[in-house]
Amino acid sequence: MDCKNAQTLLDGYLDGELDPLRNLEIEDHLHGCTPCSQSYSDRQVIRSGLKTDSFYFKAPTDLHKRILRSVRQAAKAEAPMPWLSWSWLRVAAPVAAAALVVLMLVPFFAGPSSDELLTQDVVASHIRSLMVNHLADVPSTDEHTVKPWFNGKLDFSPPVDDLAKQGFPLIGGRLDYLDNRPVAALVYQRDKHVINVFIWPSNKTRQTGESIKAQQGYNVIRWSRSGMNFWVVSDLERNQLEKFVAMLKGQTTAT
Amino acid sequence: MGDQSKLTRFEQSILPHLDAAYNLARWLTRNEHDAEDIAQESYLRAFKFFDGFHGTDARAWLLAIVRNTCYTWLHQNRGRETMASFDEEIHTIENEASNPAKLVLKSDDREMLKEALEELPVEFREVVVLRDLEELSYKQVAEVANIPLGTVMSRLARARERLKRILCTRLKEKP
């Protein structure tokens with residue numbers, strides 16, 4: 001081994017990173033070469049100088065606390081809710097997805113709500129009244145004829161008001177069947193549009209506000225008041241029908 | 001595994017190497033305050049990437065993060081320090097004949113050695129710190145400094161040679 005090779009491998013020898021054969025070759029060379037052996041001893045001097053404690057900077061104690069605090073904070077930030085970790089989600093996601101599918105299917109299995117059914121029935125009654133030309137059992141524009149007609153046919157007395165002056169003439173009344181009971185149907189007209197007003201006693205004492213729905217091209221407005229349910233159905237446009245409802249309410253209040 | 005156990009594993013495997021992290025950052029930045037900031041930032045990075053750590057050498061893994069954080073910081077704050085003064089091909093080993101005097105370091109010369117190490121280009125400084133202070137194997141040094149295994153020995157040789165030259169010059173100037 002020449003000096004050039006020895007110099008290249010000197011650090012590996014010093015650091016104990018050479019294979020045993022190379023170690024022997026280097027040792028052999030250092031025995032017979034003064035410059036290389038001095039070079040080696042210089043490295044040893046430097047290394048032992050570096051190994052003194054003052055060369056190794058130990059972390060200040062408050063840095064340990066600082067880092068611990070910030071890492072724990074980061075851990076919290078990573079998992080804002082401990083039960084919502086990714087591993088938990090991996091398990092929960094399919095369950096949640098299945099639950100969602102079931103929830104979406106429930107309306108088909110459970111069917112429409114009773115309220116939806118009633119709305120359907122109200123609209124169906126309205127349509128039927130027009131189809132079979134059976135608008136009124138008592139065709140009369142006189143409220144004083146229509147109202148007494150219900151006596152004895154129903155167990156309640158519906159409020160009947162003529163709104164001809166306001167452009168919604170009463171054209172008659174009839175018996176109908178809704179919500180598992182006989183109800184009063186008052187028929188009004190606005191131009192060519194027919195308005196059916198279904199009235200029956202409410203089992204709820206409190207009043208409920210107006211609720212408006214559109215179904216099959218008909219507008220349905222309902223409310224409860226003075227112990228009565230009111231359902232108004234017509235193909236009349238919505239703001240016209242709302243105007244009619246306002247008048248009807250004003251009349252029934254006065255009554 | 002939940003995040004609680006991640007934190008626990010992190011505290012058990014990575015936190016004990018804080019001295020190593022701080023020591024490397026302190027030598028690479030040559031400043032206590034910056035070293036503390038870099039150590040903290042490195043730990044936060046380490047925690048963030050901890051899920052990706054599957055090895056057994058936690059210290060080398062952490063030191064690689066500290067080293068990268070330091071280099072980013074040096075690049076941002078002391079742009080000229082990295083690589084500017086460093087070119088491995090130019091820094092050839094000097095002829096031993098030019099430094100025939102036998103090196104002797106007395107205990108009060110240690111401060112001189114410390115200064116000499118701080119004067120080394122950062123690429124030389126880091127291999128000396130990792131090998132002689134942190135006592136990592138060449139393989140670990142290669143991993144942390146992100147250099148080929150063969151480069152570790154040659155870079156160490158040049159770094160130590162430089163240290164020796166600086167010391168010889170200073171010792172001669174010493175009254």
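Residues are numbered from 1 along each chain as its sequence is written, and chains are lettered from A in the order in which they are written. Because the model is predicted, local features need pLDDT of at least 70 and side-chain atom pairs count only at pLDDT 80 or more, whereas totals for chains, interfaces and linings use all residues.

**The sheet of chain A**

Helices and strands are taken here as DSSP runs, numbered from the N terminus, with at least four residues of H or I for a helix and at least two of E for a strand. In chain A, seven strands form an open sheet in the order 1-2-3-4-7-6-5, and their pairing is antiparallel; two strands count as paired if DSSP finds at least two bridges between them. Strand 1 and strand 5 (208–215) of chain A are the edge strands, each of which pairs on one side only. Strands of a sheet pair through backbone hydrogen bonds, either parallel or antiparallel. Strand 1 and strand 2 of chain A run antiparallel and are joined by two bridges, and Val138(A) stands opposite Gly173(A) in strand 2 of chain A.

Two helices of chain A pack on this sheet, as the table shows. Contact requires that the C-beta atoms of two residues, placed from the backbone, lie within 7 Å. Each angle, on a scale from 0 to 180 degrees, is taken between N-to-C directions, with axes fitted as lines to C-alpha atoms, for helices over the stretch in contact.

| Helix of chain A | Strands of chain A touched | Angle between directions |
|---|---|---|
| Helix 6 | strand 2, strand 4, strand 5, strand 6 and strand 7 | about 120° with strand 6 |
| Helix 7 | strand 1, strand 2 and strand 3 | about 20° with strand 2 |

A residue is called buried if 20 or more other C-beta atoms, placed from the backbone, lie within 10 Å of its own, exposed if 12 or fewer do, and partly exposed in between. In helix 7 of chain A, which covers residues 143–150, the buried residues are Val146(A), Trp149(A) and Phe150(A). Seen down the helix axis, these buried residues fall within an arc of 95°, so they line one face of helix 7 of chain A; the arc is that of the directions from the axis to the C-beta atoms. An α-helix has 3.6 residues a turn, so residues three or four places apart point the same way. On the face turned away from the buried side, helix 7 of chain A carries the exposed residues His144(A) and Pro148(A). After helix 7 of chain A comes Gly152(A), whose phi is positive, near 85°.

Asp121(A) belongs to helix 6 (residues 114–131) of chain A, and it counts as partly exposed because it has 17 C-beta neighbours inside 10 Å. Although Asp121(A) and Leu178(A) are 57 residues apart in sequence, their C-alpha atoms are 6.9 Å apart in space.

**Chain B and its side towards chain A**

Chain B has eight helices and zero strands, and 39% of its 175 residues count as buried. Glu115(B), in helix 5 of chain B, is exposed, with 12 other C-beta atoms within 10 Å.
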